[in-house]
Amino acid sequence: GLLSVQVSEIGPELIWRTVEGLQLVSAQGEVLRRVERRADFAHLPLIAGEGALEALPEARALLNTADPVVDKLRGLVRIGERRWDVVLIDGQKIMLPERDPATAMQQVIVLNAAQDVFGRDVAVLDVRNPRRPTLRLRETAVARLRATKSPITAEYIK
């Protein structure tokens, strides 16, 4: 006549940002509970956007691929329920393609290791077209670039 119950807590794997707020999500994609402050779970990666929870396996693969830059990673944003943007802590963004985003992320990490892209004034690294990666500079970098080009151009005109 003895009843024995064993309870094991389901641990959170990531935080999901929705219009309702922040939610803790398990490895199986189950919403566990609401979170008031992101800082309480700063060690967990963040995902956001329409369809982000449905694409959880792809997000997990991207997070594993992005492990070398995890200290710079803020989170993943699902765009148009079809592709991901990787957002870094200082506001930089990596726009990944629909197909094979993990491979594109690996290429970005190799590029960063060789050229220190994330250490520069780059606002967006767009790798949606693998044949033509595109950099968008921050406004301060564009202003400095224009300032350095102006005097040189003026000298050639004289």
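## Basis of the description

Two strands are taken to pair if DSSP finds at least two bridges between them. Strands (E, at least two residues) and helices (H or I, at least four) are DSSP runs, numbered from the N terminus. The model is predicted: local features need pLDDT of at least 70 and side-chain atom pairs count only at pLDDT 80 or more, whereas totals for chains, interfaces and linings use all residues. Residues are numbered from 1 along each chain as its sequence is written, and side-chain values use heavy atoms, with hydrogens and water left out.

## The sheet and its helix

Nine strands make up an open sheet of mixed pairing, in the order β3-β2-β1-β4-β5-β6-β7-β8-β9. At its edges stand β3 (31-35) and β9 (134-137), each of which pairs on one side only. On average, neighbouring strands of this sheet are turned by 25° against each other, direction ignored. Such angles run from 0 to 180 degrees between N-to-C directions, and the axes are lines fitted to C-alpha atoms, for helices over the stretch in contact.

Within the sheet, β5 (residues 73-79) and β6 (residues 83-88) are antiparallel partners over six bridges. Valine 77 has aspartate 85 in β6 as its bridge partner. Helix α1 (residues 56-65) packs on the sheet and touches β1 (12-18), β2, β4 (46-48), β5 and β6, its direction making about 145° with that of β5. Contact here means heavy atoms within 4.5 Å.

Proline 12 is placed opposite serine 26 in β2. Towards β3, strand β2 is again antiparallel, with four bridges. The hairpin of β2 and β3 has four residues between the strands, and glycine 29 there takes a positive phi near 90°. Because six of the six residues of β2 are buried, this strand is largely enclosed by the rest of the structure.

Glutamine 23 belongs to β2 (residues 21-26). Its relative accessibility is 14%, so glutamine 23 counts as buried; the term means under 20% relative accessible area, with exposed over 50% and partly exposed in between (1.4 Å probe, protein chains only). Its bridge partner in β3 is arginine 34. Leaving aside residues up to four places away in sequence, glutamine 23 touches Leu14, Ile15, Trp16, Thr18, Val31, Arg33, Arg34 and Val35.

## Pocket and cavity

Grid points are joined across faces, edges and corners, and a volume is the space filled by probe spheres set on the points. The largest pocket holds about 230 Å³. Its lining includes Arg17, His43, Leu63 and Arg74.

One cavity of 30 Å³ or more is found in the whole structure. The largest cavity holds about 40 Å³, and among its lining residues are Leu88, Gln92, Phe118 and Val124. Strands β7 (93-95) and β8 (122-126) each supply at least two residues of this lining, and β8 gives the largest share, four residues.

How values were computed
On a 1 Å grid over the protein atoms alone, a cavity is a set of points where a 1.4 Å probe fits but cannot get out, and a pocket is an open set with protein on both sides within 12 Å along at least five of seven lines; lining residues have an atom within 4 Å of a point.
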